[in-house]
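User: Could you walk me through this model? I'd like to start with the sheet and then look at a helix pair and some backbone details.

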Amino acid sequence: MIEKKIFNDTATAFKLKSDLELNRALLLFNVMGVPSLIKPGIFLTKFSLKAKLPIQPLIKNTIFDQFCAGTSKEDCKPVIKEMHQVNLSSILDYSVEGKKTEKEFDSAFRIKKDLIQFAREETEIPFAIFKPTALGSFEIWHKLSSHINLNDSEKEEWKKTKARVENLCKEAHKHGVRLYADAEESWMQDAADDLMEEMMEKYNTEKALIFNTFQCYRWDRLDYLKELHSRAKEKGFKIGAKIVRGAYMEKENKRAKKYGKKSPICENKKATDLHFNNVLAYCLDNIEDIAVFIGTHNEVSNYLALQIMEDQGITKDDPRVWFSQLYGMSDQISYNLANKNYNTAKLVPFGPVKDVVPYLLRRAEENSSVEGQTNRELNLLRREKKRRKMASEASKNDVRRQA
């Protein structure tokens with residue numbers, strides 16, 4: 001049976017954090033634990049940046065350093081190397097959001113292609129990642145998902161977008177690098193699902209290198225996965241499935257209500273947890289056909305995955321199973337799984353401070369809205385601070401006795 005307390009080991013979880021970094025994390029999660037502070041804080045941050053007030057150094061030394069590893073991939077190298085020393089891998093994510101022009105999409109494509117090359121060269125980096133709307137406009141993905149006819153200029157725009165995605169997948173396949181597409185809002189996701197299935201059919205004939213993301217707070221994802229699995233077996237390709245709970249719940253429910261539609265989101269957290277765990281179990285039960293990337297901060301789901309792996313005889317280092325959490329969060333899961341020799345990676349965001357602010361604000365907002373997440377982080381950080389204090393006092397007492 002799987003040990004049920006491995007995520008309580010704070011000494012392992014925060015081994016790489018200095019006392020200063022521990023105190024900074026405590027401060028940030030204390031703030032995020034007060035939802036009434038988040039919206040005013042987000043407003044003030046956006047206003048200050050728009051007004052060109054000198055707040056970037058403050059952002060850099062607080063929330064940026066907590067959730068990002070640097071402003072460039074070279075900046076991230078020391079963090080990547082340090083984590084790999086304790087068996088924890090990294091996935092670099094150029095976390096710049098909200099770009100809209102062809103020039104910006106081409107720039108994002110070049111950066112993502114460069115990161116595939118970087119992953120090929122660095123053993124510490126097992127995956128590369130891209131966001132569909134970083135390579136083409138949200139409107140195009142939305143229209144295709146809604147089966148709206150494109151005009152001639154939009155058809156040309158889609159042709160370029162599709163070419164960017166395919167070129168990244170081709171590059172990943174050429175170098176044997178695993179690549180996954182992040183998921184986005186449901187009203188653009190169908191087009192992304194169709195394109196990523198096409199890429200998997202083309203490049204996953206021998207093993208899963210190309211992955212798509214399944215947001216399991218959507219109640220239709222298990223059915224979709226089963227249908228995809230049936231097509232994959234028929235056509236002879238492997239599925240790469242990154243499974244997460246999801247990141248746009250409030251926006252999804254608000255939009256469904258606005259248009260008088262049934263929400264695509266599970267009715268409550270309990271239903272979401274059950275759906276995620278069912279998708280997780282389906283992937284692991286079909287490991288010969290589906291490689292799974294388990295992206296969750298939920299300890300129960302991680303324990304479930306470990307138990308199923310043990311029951312199914314799936315080894316800890318099976319390359320078809322990976323665990324992952326975000327940099328700056330849930331270290332008790334990441335570091336302890338890595339310490340037990342499971343394939344584990346941190347998603348490591350980077351980018352210019354000003355450009356990464358939308359991502360950082362989303363992190364703060366999500367932490368404040370996810371039930372129990374911030375309290376769990378705080379309790380673990382406080383426990384580690386107390387443990388260090390007691391260890392320090394014990395050490396001083398030993399020195400006195402020896403004297």
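This is a predicted model: local features need pLDDT of at least 70, side-chain atom pairs count only at pLDDT 80 or more; totals for chains, interfaces and linings use all residues.

User: Ok, what's the strand order in the open sheet of eight strands?

Analyst: The order is β1-β8-β7-β6-β5-β4-β3-β2, with parallel pairing. Strands here are DSSP runs of E with at least two residues, helices are runs of H or I with at least four, and both are numbered from the N terminus; two strands pair if DSSP finds at least two bridges between them.

User: And which strands stand at the edges?

Analyst: β1 and β2 (127–130) do, and because each has a single partner strand, one side of each is left without a neighbour in the sheet. Neighbouring strands of this sheet are turned by 30° against each other on average, direction ignored, where axes are lines fitted to C-alpha atoms (for helices over the stretch in contact) and angles between N-to-C directions run from 0 to 180 degrees.

User: How many bridges hold β1 to β8?

Analyst: Six bridges join β1 to β8, and the two run parallel; within this pairing, L92 stands opposite V348 in β8.

User: Let's move to β6. Is it buried or exposed?

Analyst: β6, residues 290–295, is mostly covered, with six of its six residues buried, where buried means under 20% relative accessible area, exposed means over 50% and partly exposed lies in between (1.4 Å probe, protein chains only).

User: Which residues point which way from β6?

Analyst: I290, V292 and I294 point one way, whereas A291, F293 and G295 point the other way, and all are buried. In a regular strand the side chains alternate between the two faces of the sheet.

User: What does β6 pair with on the β5 side?

Analyst: β5 (residues 239–244) runs parallel to β6, and five bridges join them. A241 stands opposite V292 in β6, and I243 stands opposite I294. A241 also has N212 opposite it, in the pairing where four bridges join β4 (residues 210–215) to β5 in parallel. The chain crosses from β4 through helix α11 (residues 221–235) to β5 in a right-handed β-α-β crossover, meaning that, with the strands pointing away from the viewer, the path from the first strand over the helix to the second runs clockwise.

User: And what about β6 to β7?

Analyst: Four bridges join β6 to β7 (residues 321–326), again in parallel, with I294 opposite F323 and F293 opposite W322. From β7, V321, F323 and Q325 point one way and W322, S324 and L326 the other, all of them buried; six of the six residues of β7 are buried, so β7 is largely enclosed by the rest of the structure.

User: Switching topic: how do α8 and α9 cross?

Analyst: The axes of α8 (residues 138–145) and α9 (residues 152–175) come within 10 Å and cross at roughly 100°. The two helices are therefore roughly perpendicular to each other, given that 65 to 115 degrees counts as roughly perpendicular, under 35 as roughly parallel, over 145 as roughly antiparallel and the rest as oblique.

User: Which residues meet there?

Analyst: I140, W141, K143 and L144 in α8 meet E154, E157, W158, T161 and V165 in α9, where contact means heavy atoms within 4.5 Å. By class, this contact has five nonpolar, one polar and three charged residues; Ala, Val, Leu, Ile, Met, Phe, Trp, Tyr, Cys and Pro count as nonpolar, Asp, Glu, Lys and Arg as charged, and the others, Gly among them, as polar.

User: Last one: what is the phi of H147 and of N87?

Analyst: H147 has a positive phi of about 60° although it is not a glycine, and H147 lies in the loop between α8 and α9. At 69% relative accessibility, H147 counts as exposed. N87, also not a glycine, has a positive phi of about 75°; N87 lies in the loop between α5 (73–84) and β1 (89–94), and at 36% relative accessibility it counts as partly exposed. Most residues other than glycine have a negative phi.

Terms used
Residues are numbered from 1 along each chain as its sequence is written. Side-chain values use heavy atoms; hydrogens and water are left out.
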